[in-house]
Amino acid sequence: MSFGPPPTPYHVPGSDASSGPPPRTGRRRAAVGAVAAVLLVALAAGVWAFGPGGAGGGSPSDARAAAGRQAPDDIRETVEKRPPSPEGTAVVSYEETLRTVGRNVSAMGTWATDEVFAKGFGNEIKGFRLGGSQASEIAWRLTLPGPLCAVTRHVSVDGRTAIVYAGEGGGDGGDATADGGPDTDPLTRVCDRLAVFDIDTGKKMWDTRLAGAGSSLAVNVTMTHGTVVTAWGEGSAAYELTGGKRLWADTDPSACADEGFAGGRDLLALLSCGDSADPAYRVQKIDPRTGDAEWTYRVARGVQGVYLVSSSPAVVAVAAGDVVVTDLISLDERGERRATIRLNRDHQVLDCDRTFSAVVESCGAIVVDDDRLYLSEEDHIVAHDLATGRPAGKFDAPAGGEMHPLRMSGERLIAYRPGRGLGRPDAVVALDPDSGEETLLLLFAGGAETGALDDPAQNDIVYEHGRVFFGARTVVGPYDEGEVGATDQVAVGIESAG
């Protein structure tokens, strides 16, 4: 792992935390719940050999101990084991046939457990059984009256996740068999239903209506500590993950509006205050059981956009004087600025902005651990120290290649290396941030398997339980009548052939 020179310190002027934990927005809050198939080749020198344990050198007992510390309704933090063999083979191949010229279908939602891969498409979620003899076997279908409006990437330890969708009367009656159900146009949805479903079974555990919810342009959902939290422009609310009991709701008019939330280990809220043409942004750490703010960070005026990269450690992305992200800001436990990382946007993959989406918990191409932040820059992944903002090392891809961080697995970073156009297979690897050593997890045919789904800025890439999944976020319909009936890839999954 190589190290570069420290950058010139940079600070977004006027950014500061408030002097204490003020009320979130001055609104009245109603607390209504209890508080409580390729050749196996070495792609880089010095591939790190596993011991008898899991990815990154942890033993199975270490992984079990980590899992044992989490309650069933906590957000899972899977520690991966080494697959039996790095040779990859297809386990899911999901395609849809689009018939309506010029109409695109949203395919939001890509989730996996050790038993099932689930993918959203229009107004339906399909579950594919894993570990069986037949690839792409559909285990279940969850069909909704209207299309999906918002999803969260978070999954609980017991395999549940949350969605927002358009209820009865929320669509325009589109052809469900042709293009993924009623109303695939995001501008006409009425997104008024929140639900939690079990990924293994496809069963909705509970479902509720969001009072006053409207357009999908202002709706998102996240999860943290047994709690589901959603915002829809005119309000926000939190519910118990198990059972769906409402904990608090915020629907009173105010000078500050909840733009959205970021979940995981903690809960952050992004608020916009004042003039909508030139808002003042605030980031707050929220008690998920009560809705109360524990601290407030005030973003500098003039910033054009803010995204919530990580809730713990708290990291925000800002577009300072521009519409693209220019800086990443780490915050301490009191909501005060620790460091600022200035970006060269032309050479980095951030994946923060989503068209026709109010999701603020984005920047999926950035991974954060307790001490560092990882992002891809051209042919390598660079790590930045969250305390100083300075580079803390980098992982280089083979000559001419790319490498993208996916998520943490214990103390190791899971990364994806596409081999597109280079005559090399694709790979998923585990990287040791301290030693710089690399472990090969999966090796597969790349473009022959993943098609056009291997771009992390346009598609979901999920590594879970020794498998990697590539899922489209949008499926584009035919451009003219001559193309009607063509099939498009929605998702692909790869697992170990061993």
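One cut-off first: a residue is called buried when its relative accessible area is under 20%. Keep in mind that this is a predicted model.

Start with Asp-351. Its relative accessibility is 7%, so it counts as buried. Where does Asp-351 sit? It lies in the loop that runs between strand S25 (348-349) and strand S26 (367-368). Now its surroundings. Setting aside neighbours within four places in sequence, Asp-351 is in contact with Ser-362, Cys-363, Gly-364 and Ala-365, and also with Pro-456, Ala-457 and Arg-473.

Next, Asp-200. This one is in the loop between strand S11 (191-198) and strand S12 (204-209). Asp-200 is buried too, yet it has no salt bridge. Which side chain of opposite charge is nearest to Asp-200? That is Arg-129, 5.6 Å away.

Now confidence. Average pLDDT for the chain is 82, and 78% of the residues score at least 70. By element, strand S5 (residues 110-112) has the highest mean, 98. Strand S2 (residues 30-31) has the lowest, 36. Across residues 1-65, pLDDT is below 50. That stretch still has 163 contacts in the model beyond near neighbours in sequence. Residues 171-178 also stay under 50, with 17 contacts beyond four places in sequence. Where pLDDT is low, predicted coordinates should not be read in detail.

That's it from me. Over to you.

Methods
Residues numbered from 1 in each chain as written. Predicted model: local features only at pLDDT ≥ 70, side-chain atom pairs only at ≥ 80, totals over all residues. Heavy atoms only, no water. Helix = DSSP H or I, 4+ residues; strand = E, 2+ residues; numbered from the N terminus. Buried < 20%, exposed > 50% of the residue type's maximum accessible area, 1.4 Å probe, protein only. Contact = heavy atoms within 4.5 Å. Lys, Arg positive; Asp, Glu negative; His and termini not counted. Salt bridge = Lys/Arg side-chain N within 4 Å of Asp/Glu carboxyl O. pLDDT = per-residue confidence, 0-100.
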